[in-house]
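Please keep the sequence and the coordinates at hand while reading.

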Amino acid sequence: MAPVIIFLAMLLAGSAVHKAVSHRRMAIAAARLVGMPSHGQLFLIIAGTLEAAAALCLLAAPLQRTGALLGSVIWLAYAATLLLRRGQSFDCGCDLVAREKPIDWPAIARPAVLALLAVIASTLPAAPIGLDAPFAAAGLLALYLAASELLAVPHPRWRKS
């Protein structure tokens, strides 16, 4: 289970860094998601801080359960805000690049599945991190990012939303 824990930590840390690097774009996305235009920066700082804390907790064996539960709360909150905005078109900050697209079921399901994975990870005992775990986690992250890019294709024949 160590590769999954590292994958979740990498994803949370990457999200926190993404919020710091693209803070202007992400503040606008956060404001639109929560429906409070004047508070986007505040929500962005809170979300980025919680993501960074969850990532760090996941990497410390005694705090893995706490990190996994914090990550699941973050992803469930994100899924809930996306669900409230379902059907609206805007850049939700879901991707590394700015893409204005309608909020559809795959966009809502992505954080919900990550939350479920984090909840499952929180129930398992902390596993020692072996030499292969970071490489397996990097492979999971690559697959996740590839799937994210496939979901960004505007109107593929294989996807009906």
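## Aromatic pairing

How many aromatic pairs does a search of the whole structure find? The search finds one aromatic pair, where rings of Phe, Tyr and Trp (its six-membered ring) pair if their centres lie within 6.5 Å, and where planes under 30 degrees apart count as stacked, over 60 as edge-to-face and the rest as tilted. The pair is formed by F7 and Y144, whose ring centres lie 5.9 Å apart with the planes at 65°, so the arrangement is edge-to-face. It links distant parts of the chain, since F7 sits in helix α1 (residues 2–21) and Y144 in helix α6 (residues 133–151), 137 residues apart. F7 is also buried, with a relative accessible area of 6%; buried means under 20% relative accessible area, exposed over 50%, and partly exposed in between (1.4 Å probe, protein chains only).

## Basis of the model

The model is predicted, so local features need pLDDT of at least 70 and side-chain atom pairs count only at pLDDT 80 or more, whereas totals for chains, interfaces and linings use all residues. Residues are numbered from 1 along each chain as its sequence is written, and side-chain values use heavy atoms, with hydrogens and water left out.

## Overall form

The chain has six helices and two strands, and from the N terminus on its elements run α-α-α-α-β-β-α-α. Helices (H or I, at least four residues) and strands (E, at least two) are DSSP runs, numbered from the N terminus. With 161 residues, a compact globule would have a radius of gyration near 15 Å, and the 16 Å of the chain agrees with this; the radius is taken over C-alpha atoms, and the globule rule is 2.2 Å times the number of residues to the power 0.38. Along the principal axes, the C-alpha atoms fill a box of roughly 45 × 40 × 25 Å.

Of the 161 residues, 40% count as buried. Among contacts (heavy atoms within 4.5 Å) with a separation of 6 or more, 66% come from residues 24 or more positions apart. The accessible surface comes to about 8900 Å², of which 73% belongs to carbon and sulfur atoms, the areas being taken from the Shrake-Rupley method with a 1.4 Å probe.

Q64 is placed in helix α4 (residues 64–84) and counts as buried at 8% relative accessibility. Leaving aside neighbours within four places in sequence, Q64 is in contact with I5, C57, L58, A126 and A127.

E51 is found in helix α3 (residues 40–59), where this residue is buried with a relative accessible area of 6%. With neighbours within four places in sequence again left aside, the contacts of E51 are L12, S15, A16, K19 and I74.

## Two further helix positions

T81 lies in helix α4 and, at 19% relative accessibility, counts as buried. The C-alpha atoms of T81 and R32 are separated by 9.7 Å, although the two residues are 49 residues apart along the chain.

V119, by contrast, lies in helix α5 (residues 105–123) and counts as partly exposed at 34% relative accessibility.
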